[in-house]
Amino acid sequence: AQSPQIHWVVSWLWKTSFLLWYPYYLLGLWLGNKIIKIRVSIPILVVLSCLSLVLQMGEGWMLMSNGGANPGTQLKITNYISCMCILPIAFWYIENPEINPKQGVLSKIGDYSFGIFLIHILVLNLLKKFNFYDSIPFPVSSLSVLILSYISIYICNKFLGEKYGKWLGFV
């Protein structure tokens, strides 16, 4: 059976609408400004994150078996569930200096997160130009996009300086 086709206008709105990223923005804004607090224990959030990742794989497998394109990374409801479990864990880690004394990798990625968001599609499209990229397994390919995006933003900030980097959203 063929999967149902979505009207191109609905598909375009879904791909370009702010409604996709707005929940993440709000969560970060509310947590960062202490409007909301994490009231669930971190071990429970870790268990929920693992369960949501299993659901995500199941939903991706179901989409793939029904002919869906790119079922691993396309937007799915389970992506939101996973992120709403994982983001508070990352925030908790960053906000606890006794656990994260040197303001490690997550803090550095967080400093450039908007720039990474802006540039990662360009990096992904450039990597797809190389034939070997499609043979790289999923977690490694995602990490390579993240690392190259981070390096790109770092270089841009060094080259442009903080003032112009902020104008472009890289800082």
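Start by selecting Tyr112, which is buried at a relative accessible area of 15% (buried means under 20%, exposed over 50%, and partly exposed in between, using a 1.4 Å probe and protein chains only). Before you go on, know that this is a predicted model, where local features need pLDDT of at least 70, side-chain atom pairs count only at pLDDT 80 or more, and totals for chains, interfaces and linings use all residues. Residues are numbered from 1 along each chain as its sequence is written, and side-chain values use heavy atoms, with hydrogens and water left out.

**Stop 1: two rings**

What kind of aromatic pair do Tyr112 and Tyr150 form? It is a tilted one, 5.1 Å centre to centre with 40° between the planes. Here is the rule for Phe, Tyr and Trp (its six-membered ring): rings pair if their centres lie within 6.5 Å, and planes under 30 degrees apart are stacked, over 60 edge-to-face, and the rest tilted. Tyr112 sits in the loop between helix H5 (105-111) and H6, while Tyr150 is in helix H7, so the pair ties together parts that are 38 residues apart in sequence. Tyr150 counts as partly exposed, at 23% relative accessibility.

Searching the whole structure gives 2 aromatic pairs. For the other, select Phe130 and Phe132: this pair is tilted too, with 5.6 Å centre to centre and 35° between the planes. Phe130 is partly exposed at 45% relative accessibility, and Phe132 is also partly exposed, with 49% relative accessible area.

**Stop 2: zoom out**

Switch to a cartoon view of the protein. You'll find 7 helices and 0 strands (these are DSSP runs numbered from the N terminus: helices are H or I with at least four residues, strands are E with at least two). Of the 171 residues in the protein, 23% are buried.

**Stop 3: H6 against H7**

Now colour helix H6 (residues 113-128) and helix H7 (residues 138-168). Their axes come within 9 Å and cross at roughly 130°; axes are lines fitted to C-alpha atoms, for helices over the stretch in contact, and angles run from 0 to 180 degrees between N-to-C directions. That makes H6 oblique to H7 (under 35 degrees is roughly parallel, over 145 roughly antiparallel, 65 to 115 roughly perpendicular, and the rest oblique).

Show side chains where they meet, with contact meaning heavy atoms within 4.5 Å. From H6, pick residues including Ile116, Ile119 and Val123; from H7, residues including Val145, Leu148 and Ile153. The residues of this H6 and H7 contact split into 12 nonpolar, 5 polar and no charged. For those classes, Ala, Val, Leu, Ile, Met, Phe, Trp, Tyr, Cys and Pro are nonpolar, Asp, Glu, Lys and Arg are charged, and the others, Gly among them, are polar.

While you're on H7, click Ser141, which is in that helix. Is Ser141 buried or exposed? Ser141 counts as buried, at 9% relative accessibility. Leaving out residues up to four places away in sequence, Ser141 touches Tyr133 and Ile136.

**Stop 4: H2 beside H4**

Last, select helix H2 (residues 22-32) and helix H4 (residues 77-95). How do these axes cross? They come within 11 Å and cross at roughly 25°, which makes H2 roughly parallel to H4. Pro23, Tyr24, Leu27, Leu31 and Gly32 of H2 make the contact with Asn79, Tyr80, Cys83, Met84, Leu87, Pro88 and Phe91 of H4. By class, that contact of H2 with H4 has 10 nonpolar, 2 polar and no charged residues.
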